[in-house]
Amino acid sequence: MAHPGRLADAQGGEESMGSRGSWFSQEVERIGHLCSERSSRRIRIEPAMAVIEVEGLGKTYPGGTKALEQVTFQVPKGEVFCLLGRNGAGKTTLLRILATQLRPTVGHASVLGHDVVREARLIRERIAVVPQEARPQMMLSAYDHIYLMSRIRGMPRAEAKKRTRSIMEEFDLWEHKDKLTADLSGGLRQRVMVSIALTMDPELLFLDEPTIGLDPLGRRQVWAMVRRMTKKGVTVLLTTHYMDEAEKLSDRLAIIDKGQTVFLGSVDAAKAHAGHGMQVIVESNENGGERKVLSPTSDQEILQVVQRGIQEGKRVTFKPPTLEDAFIAMVGGSIDDESA
Amino acid sequence: MMRAREAVYIGLFDSLPLLRDPMLMILLSLISFLPVLFIFVFNAGESAFLQSLVGAIVLSLAFAGIGSAQSVYFNKHWFRFQDIFVASRVSPVSYAVGLSVSTLLVSLPALAIAMTLLFLQTPAGILGILAVTLVAVVTWISLLLLGFALGASTKNTRRANSLPQLLGLLLGFLPPVYYPLDRVPSYLQPAAALIPTTQAAQLAKYYAGLLPLSAPEITFGWAYLVGFAVVLGLLAARLAHWTDP
């Protein structure tokens, strides 16, 4: 697969929509301008403080494996920022550098205003991380984990007990407090791990593949936790290779492929990169007949495809692009295709 | 004070599963004393029994030290608590001390009984017992450092379990620790003397009043033990990282 090697962004996405020249996109643009003019007259909107700033970041492991190359982005306060990519794309490497667990080889990264290499100690006091596939000790209870972590992190005994109870109640773990984690479901165990991370009220939470291996219910429980965190003003950076997770949780996302950022922007902007923003499915009416999924590149082409399909007596339906379509368009293969 | 508390709670966190299972703890604690039982049952004489008891005391801490390899490996690669601690205000020294202390907790009960027995059965006296303890502690530190180096460089879960056991066999059960050095064929004795646990056992038996040693032998024994600890310290510093390179 040829690597596209391009960096699309939200602005690029909007431009490509605008270039369609349709009345709809022109109208959206016009209303957008009006709104921004009005709001700028009333209040001056300060840009949100960047909690994470990454510039030209690269990582080559001691064995020579190049894991990251020229990664640049910013994450403002209170955002859920998602790193989306295949296994081995470099997401975990990037997260571990930002969480001060791994040293970059080139470039610069700062977290909460501090350099990740020179001022790691100042960062560590204000962040928390749930590493990929982290798991609780099977022979300890959920309460043991959260209480002992609070004590390790310097909380006095009475406060640690109070804090443990409040976190466990908040995340519906209190009823399971005395059970060994070996007896908890995958979703509950993952909630224990996230609860551990929250013992110190972090300003920035790193979640590395937080729902890997969980059933749909467990995944939803973790998503709900993330949403609760962001309501409190916590910034969340999470990695995932689940499209639905990125779509449901992220305010903005970066698509990482072979250590490079191939897209940076909102989910909607990413979808705008999938063909012309609309897929046309042309199917034979007979059972087991031919089925084609087309991504026309202009309004004219959409019309032609529809007319031809109807003339040939085929069923023509439309499907809005998904994040997966956008991923395939940008990366050149499915997220599950590790060999691509 | 804060760092000491950090270390104590990390140690408690690491060892609590075992502390909550006293039956398993007693069994693990007694493993290094099983050969003493066999030697006692097969009645090889009081001297042989006491020599094996001293050997067991040294090895009890040595095995605890090697056991740190599993703590280091599983906390880093399996539970991933090391990554959680790195991204927090916990210091690497607290983490290392905490894991080290947790290895000791398992062997302390059996060790206390063995020390009392040694005190009552030998002419060593308090000073002798303290010297035996010092030898055992230096051996523990050496093998603890080996465990850290091993646990940090192991990439395979199966090896993380089997390598410490293999090392335990090579350093504990095969060399003349439970039994006297002169039981080893004379042509193998110089090789056996190169094993640090042999040197530790020789010194401990001497301080317990069970074996005569000359001044040069004592000096060599200590120099060998301390040198071994320094080399393993350098190895651990090179291989065991707090943040990954």
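This is a predicted model: local features need pLDDT of at least 70, side-chain atom pairs count only at pLDDT 80 or more; totals for chains, interfaces and linings use all residues.
In strand 13 of chain A, A:Val293 stands opposite A:Ile281.

Strand 12 of chain A covers residues 279–283. Strand 13 of chain A covers residues 291–294, and these two strands pair in the antiparallel sense over four bridges. Strand 12 of chain A has another partner. With strand 14 of chain A, residues 315–319, strand 12 pairs in the antiparallel sense over five bridges.

Strands of a sheet pair through backbone hydrogen bonds. Here are some residue partners in this sheet.

| Residue | Partner | Strand of the partner |
|---|---|---|
| A:Gln279 | A:Lys319 | strand 14 of chain A |
| A:Val280 | A:Phe318 | strand 14 of chain A |

Together the three strands form an open sheet with the order 13-12-14 in chain A, and the pairing is antiparallel. Strand 13 and strand 14 of chain A stand at the edges. Each has a single partner strand, so one side of each is left without a neighbour in the sheet. From one strand to the next, the twist averages 20 degrees.

Helix 11 of chain A, residues 299–311, lies across strand 12, strand 13 and strand 14 of chain A. Helix 11 runs at about 15 degrees to strand 12 of chain A.

**Chain B**

Chain B has eleven helices and zero strands. Along the sequence, its pattern reads α-α-α-α-α-α-α-α-α-α-α. The C-alpha trace of chain B spans about 55 × 35 × 35 Å along its principal axes. How does its radius of gyration agree with that of a compact globule? With 245 residues, a compact globule would have a radius of gyration near 18 Å. Chain B has 18 Å, which agrees.

**Where the chains meet**

Helix 5 of chain A, residues 142–152, packs with helix 1 of chain B, residues 2–19. Their axes are 8 Å apart, and the angle is about 160 degrees. Angles over 145 degrees count as roughly antiparallel, and helix 5 of chain A and helix 1 of chain B are therefore roughly antiparallel to each other. Their crossing is left-handed.

Which residues of helix 5 of chain A meet helix 1 of chain B? They are A:Asp144, A:Leu148, A:Arg151 and A:Ile152. On the side of helix 1 of chain B, the residues are B:Glu6, B:Tyr9, B:Ile10, B:Leu12, B:Phe13 and B:Leu16. The residues of this contact divide into seven nonpolar, no polar and three charged.

Definitions and conventions: Residues are numbered from 1 along each chain as its sequence is written. Chains are lettered from A and ligands numbered from 1 in the order in which they are written. Two strands pair if DSSP finds at least two bridges between them. Axes are lines fitted to C-alpha atoms, for helices over the stretch in contact, and angles run from 0 to 180 degrees between N-to-C directions. Angles under 35 degrees count as roughly parallel, over 145 as roughly antiparallel, 65 to 115 as roughly perpendicular and the rest as oblique. A crossing is left-handed if the near helix is turned anticlockwise from the far one by less than a right angle, and right-handed if clockwise. Two residues are in contact if their C-beta atoms, placed from the backbone, lie within 7 Å. Ala, Val, Leu, Ile, Met, Phe, Trp, Tyr, Cys and Pro count as nonpolar, Asp, Glu, Lys and Arg as charged, and the others, Gly among them, as polar. The radius of gyration is taken over C-alpha atoms; the globule rule is 2.2 Å times the number of residues to the power 0.38.
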